[in-house]
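Please keep the sequence and the model in view while reading.

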Amino acid sequence: MSYPGLSSTRRFSAATRLRLQLAFARALEALADTYQDQAAEFVRRLKSRLSIDEALERYFHEVAVPAAIEETVRCRALISLAGLIENTPLREQQPPPWAILHPLDALRRRMQHVEATNLDCLLAASMSDEAVATMHVRNALATAEVLASEVTPDEAIMHYVRTFNLPAVDGQVIIRKAMAQWAELHPLPGEAQAFVRGPAAAAAGPRLEPRSRPEFGLRVMV
């Protein structure tokens, strides 16, 4: 992912360009916040296996944080981990528990530790990737709302994916999820399902009418 440039908005009207630049600025800030939260959570999940600095380095190895915001994410993550860092006792590094075992037993214990650590890292990294993907979908939908008067929703969503230079596989996932959510938010006439309403919901007010759905364009990312 890279920072979006102004050239990516030149095809639109002046008013839309300004709104789109604001949407992209908000998207970048939201992504940085998401990576920061996930980096801190990664460290917390791995604290029983890795030191804080080791876990933070492992996060950037496991998760493809964009180079343009890596230092920002690192600094913010460290600040959010301040309590954990300050409460960690200062002591010399202790030898691993398998160091006093027979060489073969020590090797087996070390391999088990490495495998368990790798699995925990993979699980934590997968959670981070899912959170980032969810944020990309939200940002793509915001982009589609901004561009609703100028292009079709699928073109707007693809414009977001291309502007942020997402990898092909990730881009496909974001496009499909964003288009599915757009379809749910903008059902065709007669397509919306009746809401299940209890007494409390009925008292809250009238049911919201479905919004009309703009037609989709013909360009599809393959």
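Against which helices do the buried residues of α3 pack? They pack against α1 (14-45) and α2, where helices (H or I, at least four residues) are DSSP runs numbered from the N terminus. This is a predicted model, in which local features need pLDDT of at least 70 and side-chain atom pairs count only at pLDDT 80 or more, while totals for chains, interfaces and linings use all residues. Residues are numbered from 1 along each chain as its sequence is written, and side-chain values use heavy atoms, with hydrogens and water left out.

The buried residues in question are V73, R74 and A77, buried meaning under 20% relative accessible area, exposed over 50% and partly exposed in between, with a 1.4 Å probe and protein chains only. Viewed down the axis of α3, these buried residues fall within an arc of 100 degrees, so they line one face of the helix; the arc is that of the directions from the helix axis to the C-beta atoms. An α-helix has 3.6 residues a turn, so residues three or four places apart point the same way.

The axes of α2 (residues 52-62) and α3 (residues 70-80) come within 12 Å and cross at roughly 145 degrees, where axes are lines fitted to C-alpha atoms over the stretch in contact and angles run from 0 to 180 degrees between N-to-C directions. On the α2 side, L56, E57 and F60 meet E70, V73, R74, A77 and L78 of α3, contact meaning heavy atoms within 4.5 Å. By class, this contact of α2 with α3 has five nonpolar, no polar and three charged residues; Ala, Val, Leu, Ile, Met, Phe, Trp, Tyr, Cys and Pro count as nonpolar, Asp, Glu, Lys and Arg as charged, and the others, Gly among them, as polar.

E150 sits in the loop between α5 (103-146) and α6 (153-163) and, at 34% relative accessibility, counts as partly exposed. Although E150 and T16 are 134 residues apart along the chain, their C-alpha atoms are separated by 8.5 Å.

| Side chain | Partner side chain | Polar contact |
|---|---|---|
| E150 | S13 | 2.7 Å |
| E150 | T16 | 2.6 Å |

T117, in helix α5, counts as buried at 4% relative accessibility. Leaving aside neighbours within four places in sequence, T117 is in contact with L46, R49, L50 and R58.

Technical notes. Helices (H or I, at least four residues) and strands (E, at least two) are DSSP runs, numbered from the N terminus. A polar contact is a pair of N or O atoms within 3.5 Å; within protein, one must be able to donate a hydrogen and the other to accept it, and residues adjacent in sequence count only if both atoms are side-chain atoms.
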